[in-house]
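Dear colleague,

I am passing on the structure we spoke about, with some notes on what came out of going through it. Please look at the sequence and the model first, and then read on.

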Amino acid sequence: MENEKLHAYIEGIIPARLELFQRMESYAKDHGVPIMELVGIEAMLQLLRIQQPKNILEVGTAIGYSALRMADALPNCKIVTIERDAERYELAEQYILEAGKETQILIIKGDALEAEPQVKEHGPFQAIFIDAAKGQYQRFFEMYSQYLDDYGVIITDNVLFKGLVCEEEIENKRTRNLVKKIDSFNRWLMNHPDFYTVILPVGDGVAISKKR
């Protein structure tokens with residue numbers, strides 16, 4: 001497919017990441033840890049470099065890859081990130097310590113749907129990045145958008161879900177239900193009365209929302 005060739009071309013000319021990031025990418029690939037696709041994260045980092053937020057909330061740390069990429073791109077930015085999986089939380093802590101970013105990145109251990117009281121103490125945020133349980137995107141957005149400052153942006157990953165959002169027939173029931181939820185979220189978001197949103201077909205689909 002032409003799109004795949006273009007995607008491979010863009011990936012092929014992205015400069016090599018730091019050795020730590022390459023190790024994290026390999027770990028994620030080998031252990032099935034969902035991290036942001038390379039072209040998608042490069043697009044997000046460029047947007048954040050332009051915006052220059054002073055603090056970011058990340059919903060979904062996983063092993064800390066995107067938090068560390070953001071910290072590296074924005075050395076003066078504080079990042080608060082939430083992770084509920086104990087094993088991933090511990091790995092993220094190790095990688096953050098190895099990178100020497102423990103004063104720049106704060107991990108909150110817990111479910112993002114229950115972490116609002118802790119998050120509240122650190123807001124408002126100039127950017128929010130949502131990359132956790134896809135079936136809960138609307139709830140995450142509703143819960144945390146109130147802590148976005150007036151000029152902030154919300155970035156949501158995986159909104160095209162491997163292109164499945166435009167497939168009419170999906171055999172696997174669990175996948176079909178998840179795709180329905182993502183499609184529903186996309187339509188809700190695009191028509192949100194308080195936000196302008198654009199969906200970029202990079203990586204696994206990235207939505208960028210800005211307050212009206």
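**Findings**

Lys 211, at 23% relative accessibility, falls in the partly exposed class, where buried stands for under 20% relative accessible area, exposed for over 50% and partly exposed for what lies in between, computed with a 1.4 Å probe on protein chains only. Please bear in mind that this is a predicted model, in which local features need pLDDT of at least 70 and side-chain atom pairs count only at pLDDT 80 or more, while totals for chains, interfaces and linings use all residues. Residues are numbered from 1 along each chain as its sequence is written, and side-chain values rest on heavy atoms, with hydrogens and water left out.

*Salt bridges*

Lys 211 has a salt bridge to Asp 150, with 3.6 Å between the closest N and O atoms; the term is used for a side-chain nitrogen of Lys or Arg within 4 Å of a carboxyl oxygen of Asp or Glu. Because Lys 211 belongs to strand S7 (residues 206–211) and Asp 150 to strand S5 (residues 148–157), the pair ties together parts that are 61 residues apart in sequence. Helices (H or I, at least four residues) and strands (E, at least two) are DSSP runs, numbered from the N terminus. Asp 150, for its part, is exposed at 56% relative accessibility.

The structure contains 7 salt bridges, among them one between the side chains of Arg 23 and Glu 98, at 2.4 Å from N to O. Here Arg 23 sits in helix H2 (residues 19–31) and Glu 98 in helix H5 (residues 86–99), so that parts 75 residues apart in sequence are tied together. Both partners are partly exposed, Arg 23 with a relative accessible area of 34% and Glu 98 with one of 47%. Glu 19 joins Arg 23 and Glu 98 in a network of salt bridges.

A further salt bridge links the side chains of Asp 111 and Arg 84 at 3.5 Å, N to O. Asp 111 is in the loop between strand S3 (105–109) and helix H6 (116–120), and Arg 84 is in the loop between strand S2 (78–83) and H5, so this pair ties together parts that are 27 residues apart in sequence. Arg 84 is exposed, its relative accessible area being 58%.

*Nonpolar cores*

A nonpolar core is taken as a set of buried Ala, Val, Leu, Ile, Met, Phe, Trp, Tyr and Cys residues joined through side-chain atoms within 4.5 Å. The largest one has 38 residues, of which Met 24, Met 44, Leu 48, Ile 56, Leu 68, Met 70 and Ile 79 touch the most other members. Two or more residues of this core come from each of H2, helix H3 (38–51), helix H4 (65–73), H5, S3, strand S4 (125–130), S5 and S7. There is also a second, separate core of 24 residues, which includes Leu 57, Val 59, Ile 154 and Phe 185.

*Aromatic rings*

Rings of Phe, Tyr and Trp (its six-membered ring) are paired if their centres lie within 6.5 Å, planes under 30 degrees apart being called stacked, those over 60 edge-to-face and the rest tilted. By this rule there are 6 aromatic pairs. In one of them, Phe 21 and Tyr 65 have ring centres 6.2 Å apart and planes at 85°, so the pair is edge-to-face. Phe 21 is in helix H2 and Tyr 65 in helix H4, so the pair ties together parts that are 44 residues apart in sequence. Phe 21 is buried at 5% relative accessibility, as is Tyr 65 with a relative accessible area of 2%. Elsewhere, Tyr 137, Phe 141, Phe 185, Trp 188 and Phe 195 make up one aromatic cluster.

*Backbone points to check*

Most residues other than glycine have a negative phi, and most peptide bonds are trans. Gly 123 and Pro 124 are joined by a cis peptide bond, with omega about 0°, and Pro 124 is located in the loop between H6 and S4. Gln 52, a residue other than glycine, has a positive phi near 55° and is in the loop between H3 and strand S1 (55–59). Ala 62 likewise has a positive phi, about 55°, although it is not a glycine; Ala 62 is placed in the loop between S1 and H4 and is buried, with a relative accessible area of 11%.

With best regards
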